[in-house]
Amino acid sequence: MSPNLITLIRVALAFVSISLFRVGSYASVAALVLLVVALALDAVDGIVARRKRSASDAGAAFDIAADRIVESVFWIYFAAAGLVTFWIPVIVIARGSLTDFLRAIAFKQGQTAFGEKTMMRTWWGKALTGSRASRAAY
């Protein structure tokens, strides 16, 4: 299976997941399982790309776009359902948009978010944005 297909499946699972929330008890459990699977597949697509040596700038950009779609879909749903305050998705989406804006500028200069041409050059930049700890905390 290609990394881009895994990414596409992850986005589809996010939409299926939110469609199942509040339908009933069993559907909500299924929705939660699909939410966890959708989030876990974010790591899987990168692993598959590296193992198959099929990592590309376009694939990395597609992965980032999928990240934004998945996180926005869940945050907006949770806010609309009254499960989180309105301001959480506003802050998260604004942060994601600003990050993607900066990544687009770096991409025009030949840099990518990860990999050999990464824009993360300092130890604190890597720790803040690319470390497993920071990604897990986020």
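Arg10, Asp42, Asp45, Asp63 and Asp67 are joined in a network of salt bridges, where a salt bridge is a side-chain nitrogen of Lys or Arg within 4 Å of a carboxyl oxygen of Asp or Glu. The whole structure has six salt bridges.

Some housekeeping. The model is predicted, so local features need pLDDT of at least 70 and side-chain atom pairs count only at pLDDT 80 or more, while totals for chains, interfaces and linings use all residues. Residues are numbered from 1 along each chain as its sequence is written, and side-chain values use heavy atoms, with hydrogens and water left out.

Now the pairs. Arginine 10 meets aspartate 42 in a salt bridge at 3.6 Å, N to O. In that pair, arginine 10 sits in helix α1 (residues 3–20) and aspartate 42 in helix α2 (residues 25–51), 32 residues apart. Helices here are DSSP runs of H or I, at least four residues, numbered from the N terminus.

Arginine 10 also bridges to aspartate 45, with the closest N and O atoms 3.5 Å apart. Aspartate 45 lies in helix α2 and arginine 10 in helix α1, so this pair ties together parts 35 residues apart in sequence.

With aspartate 67, the N to O distance from arginine 10 is 2.8 Å.

How buried is arginine 10? Its relative accessible area is 2%, and buried means under 20% with a 1.4 Å probe, protein chains only. Aspartate 45 is buried at 4%, and aspartate 67 is buried as well.

How values were computed:
Helices (H or I, at least four residues) and strands (E, at least two) are DSSP runs, numbered from the N terminus. Buried means under 20% relative accessible area, exposed over 50%, partly exposed in between (1.4 Å probe, protein chains only).
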